[in-house]
Protein chains: 2
Amino acid sequence: MTNADPRFSANPVLIVGSMAFDDLDLPSGRARDVVGGSATYAAIAASLYTAARVVGVVGHDFPDDTIALLESRGVDVSGIERASGKTFRWAGRYAANLASRETLDTQLNVFADFRPKLPEHFRDSKIVLLGNIHPSLQLEVLAQMRGPELVVADTMNFWISGERKTLLEVLAKVDALVVNDEELRQLAEDHNLKRCARAVLKMGPRRLVVKRGDAGAMLFDADGVFFAPAYPLENEMDPTGAGDSFAGAVLGNLARAQRFDHAAFRQALLAGATVASFCVEGVGTTELAKVTAQSLALRVRELMQLLDVNQL
Amino acid sequence: MTNADPRFSANPVLIVGSMAFDDLDLPSGRARDVVGGSATYAAIAASLYTAARVVGVVGHDFPDDTIALLESRGVDVSGIERASGKTFRWAGRYAANLASRETLDTQLNVFADFRPKLPEHFRDSKIVLLGNIHPSLQLEVLAQMRGPELVVADTMNFWISGERKTLLEVLAKVDALVVNDEELRQLAEDHNLKRCARAVLKMGPRRLVVKRGDAGAMLFDADGVFFAPAYPLENEMDPTGAGDSFAGAVLGNLARAQRFDHAAFRQALLAGATVASFCVEGVGTTELAKVTAQSLALRVRELMQLLDVNQL
C-alpha cells in the first residue's frame, strides 16, 4: 500500500467497540471461535473507503493474525489493548431463515473491565463511531476527544432498557444514531417508524439511520427520508456483524467523501448496504475481508439500479 | 367527468375479485359492515389512472351507493352481479402494531356460488387483474377473454396450499404475479426472496411483484430487480385492502402508460405503493376514495425523493 491509496488521503475514522470470539449455530452448521466483535467488523468495512483507528480490548487468546490483517488494511491498531485474560465471547443461534437469533451465552471476560483509552494521536480524529458498548464508556470516549466533526453512535436493547438515562446523555452529544428497527421502537416506545424517528431526532442526533435487515435501511433527518434497499442475496450464510459492517462502511464512505450532509449520507447508506451484503455471504468476516474495490463498485452499481426509477 | 378525462383515453382494466363487508377489530376500535373486497379496492385504485371494469358478485344488502361511487369514477359496473342472499363477509383482528392480523370469521354467502360471467364488451379487455379468487375461477375468466395483452394474478395462502395444481395452471397463463412475501415463500417453498423469485418466474409469469408491507415492494423479472419503498406514514389506521389497492394502481398505471415493459413496471410499483399508502390512512376505502390527482402526484413525488440517490 502506498500513499497514493485514497484511504490515506481521507480523514481516518475512529472506531470504538468490541473485539470478540463468536460461537455461531447457523443453518449451515456450527462455527466455533469465529473472530468477530463490532469494532472488528466495522474496521474492516471502513477500511474499504478510508483509514481507520480502532480502540478496543482483546485477551491473550485473540489471534495476532487478525490484528495483522487490520494493519495490512490501513487500520491503526495502537488503540487495541491486549489484557491478561480471555477475549469477550458471544454465542448465538440463528433461526433457519436467519431472520432472528437468540443469545445462548455471553462471557464478557476482558471486556468486563474495559475502559477505552485513546492514544494521544487518536484524540483529534474528526469522525468517530461509538460502537455498541456501555453508554458511559461512549461518554468517556467523547470526553477524550478534541472537537470531532462527526460522532455516530450505535447501541442495543440492553442499554436502551437498562441504561436509558446515560444513553440519553450520549444521544444529546452525537450527530447521528445508527440502530435497527427493533432498537428504534424500543428507544422511542412506539411502533410507527416515522413517529419513532421524529421522537429520536428530538433526543439529540440530527440524523437517524435505521437498519432493517433484508428490508434495507432508512435515513431520517430534517432534510428528508431516504430508503436504501438491501442487496438481494441468494445465499445468505451468517448475518453476524452485518450491522457493524454497515455502520463501518457508512462512516468510511462519509470520511472518504469528506462531506457529512444529507446527500452524503444517502450515498453512505448505499455503501453500508452493499458492504453489509458481502458480510452476510460468509461466516464471520470471511467474505467481508475478501471484498475488493472492483467487487464493491460493481455491487454498489447493481444496488443503485434497484432504485433507479428510470432504469430501462 | 368528460371525455377529456385521461382515464377514458387509456385501455380499461378488467378487475375480477371479491366485493365484501368487512368487520374489523383495529387498534383504533371496531368497525362493522365496512364495504370492502379485493375488486372494490382495486377498482377505486385503478380508476385514479384509467377506466376500469369490474366482475364480481354482491348480495341484496350491498349498498347502491358504493356501486354508484364506482360508476362516478369511470368504473363499468355491468359485470357486477346482484345475487339473492347476503354479501361475502370477512371478519379480522389486527395486532396493535398493525403488522399482523388473524381471520375471525369468513362467510362466503353469495360468493360461494360465484361464477364470473364477463359481459360481451368486457371480453376484449387488454389488461386484466385476476384478483384473489379460486384459481379455477381465474381460469374461467381467462377462457372468456379474447387475447388479453397483460394478465396479472393475485392469490393467497389458502389457494397455494389447497389448490396448488390449479394455481400452477393459472401461473402458466399469466404475465405477472402479485403476492406478498409470505405467499411468495409458501409458493416457492423457500425463505430466500431472490431464490423464491427465480423459482416463481420458472412457473410461468414473466414478472413477479412482491408486496412487503411497510418494507415496500419489489419487482423481479429477466430485466432486473426494482425496489419501491413504502411511503412512510405517521398515522396508519387500517391495512385492509392495501394490497388490492396496490395491485389496482399498478395495473391502472400500466394501462395509462400503455406500456408493459420493465421500466413501466418500475413506475407502476411506485404508483401502487403510493395509492396503497393512502388506503392505509383510513378505515376501509375512506381515504382511498378521497385521493385526488393533486394529492396523488404530490405523494408520488415524495416517494421518488425517498429513493433519489442524488437528492440534495
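This is a predicted model: local features need pLDDT of at least 70, side-chain atom pairs count only at pLDDT 80 or more; totals for chains, interfaces and linings use all residues.
Two strands count as paired here if DSSP finds at least two bridges between them. In chain A, for instance, Asp154(A) stands opposite Val178(A) in β10(A).

**Chain A as a whole**

- Chain A holds 10 helices and 13 strands. Its radius of gyration is 18 Å, close to the 20 Å that the globule rule gives for 312 residues, so chain A is as compact as a globular protein of that length.
- Along the principal axes, the C-alpha atoms of chain A fill a box of roughly 55 × 45 × 40 Å.
- Of the 312 residues in chain A, 51% are buried.
- Take the contacts in chain A between residues at least 6 apart in sequence: 67% of these join residues at least 24 apart.

**The sheet of chain A**

- Nine strands of chain A form an open sheet with mixed pairing, in the order β5-β4-β1-β8-β9-β10-β11-β12-β13.
- At the edges stand β5 (75–82) and β13 (224–228) of chain A; each has a single partner strand, so one side of each is left without a neighbour in the sheet.
- From one strand to the next, the twist averages 15°.
- Strands β9 (residues 150–154) and β10 (residues 176–180) of chain A run parallel and are joined by three bridges.
- Helix α7 (residues 193–201) of chain A packs on the sheet, where it touches β10, β11 (207–211) and β12 (217–221) of chain A. The direction of α7(A) makes about 140° with that of β11(A).

**Two loop residues with positive phi**

- As background, most residues other than glycine have a negative phi.
- Leu98(A) has a phi near 65°, a positive value in a residue other than glycine. You will find Leu98(A) in the loop between β6 (88–94) and β7 (101–107) of chain A. Leu98(A) counts as partly exposed because it has 19 C-beta neighbours inside 10 Å, and a residue needs 20 or more to be buried.
- Asn109(A) is not a glycine either, yet its phi is positive, at about 50°. Its place is in the loop between β7 and β8 (127–130) of chain A. Asn109(A) has 20 other C-beta atoms within 10 Å, so it is buried.

- Strand β8 (residues 127–130) of chain B pairs with β9(B) in the parallel sense over four bridges. Within β9(B), Val152(B) is the bridge partner of Leu129(B).
- β9(B) and β10(B) also run parallel, joined by three bridges. Here the bridge partner of Val152(B) is Ala176(B) in β10(B).
- Four of the five residues of β10(B) are buried, so β10(B) too is largely enclosed by the rest of the structure.
- Five bridges connect β10(B) to strand β11 (residues 207–211) of chain B, and these strands run parallel. Asn180(B) stands opposite Lys211(B) in β11(B).

- Leu167(B), Val170(B) and Leu171(B) are the buried residues of helix α5 (residues 164–171) of chain B. These three cover an arc of only 100° around the axis, which puts them on the same side of α5(B).
- An α-helix has 3.6 residues a turn, so residues three or four places apart point the same way.
- The cover over the buried residues of α5(B) includes α3 (135–143), β9 (150–154), α4 (157–162) and β10 (176–180) of chain B.
- Arg266(B) lies in helix α9 of chain B and is buried, with 22 other C-beta atoms within 10 Å. Arg266(B) and Leu130(B) are 136 residues apart in sequence, and their C-alpha atoms are 20 Å apart in space.

**Where the chains meet**

- The contact takes 28 residues from chain B and 28 residues from chain A.
- On the side of chain B that touches chain A, the elements giving two or more residues are α7 (193–201), β13 (224–228), α9 (262–280) and α10 (293–306) of chain B.
- By class, this side of chain B has 15 nonpolar, seven polar and six charged residues.

Technical notes. Residues are numbered from 1 along each chain as its sequence is written. Chains are lettered from A and ligands numbered from 1 in the order in which they are written. A residue is buried if 20 or more other C-beta atoms lie within 10 Å of its own, exposed if 12 or fewer, and partly exposed in between; C-beta atoms are placed from the backbone. The arc is that of the directions from the helix axis to the C-beta atoms. Two residues are in contact if their C-beta atoms, placed from the backbone, lie within 7 Å. The radius of gyration is taken over C-alpha atoms; the globule rule is 2.2 Å times the number of residues to the power 0.38. Ala, Val, Leu, Ile, Met, Phe, Trp, Tyr, Cys and Pro count as nonpolar, Asp, Glu, Lys and Arg as charged, and the others, Gly among them, as polar. Axes are lines fitted to C-alpha atoms, for helices over the stretch in contact, and angles run from 0 to 180 degrees between N-to-C directions.
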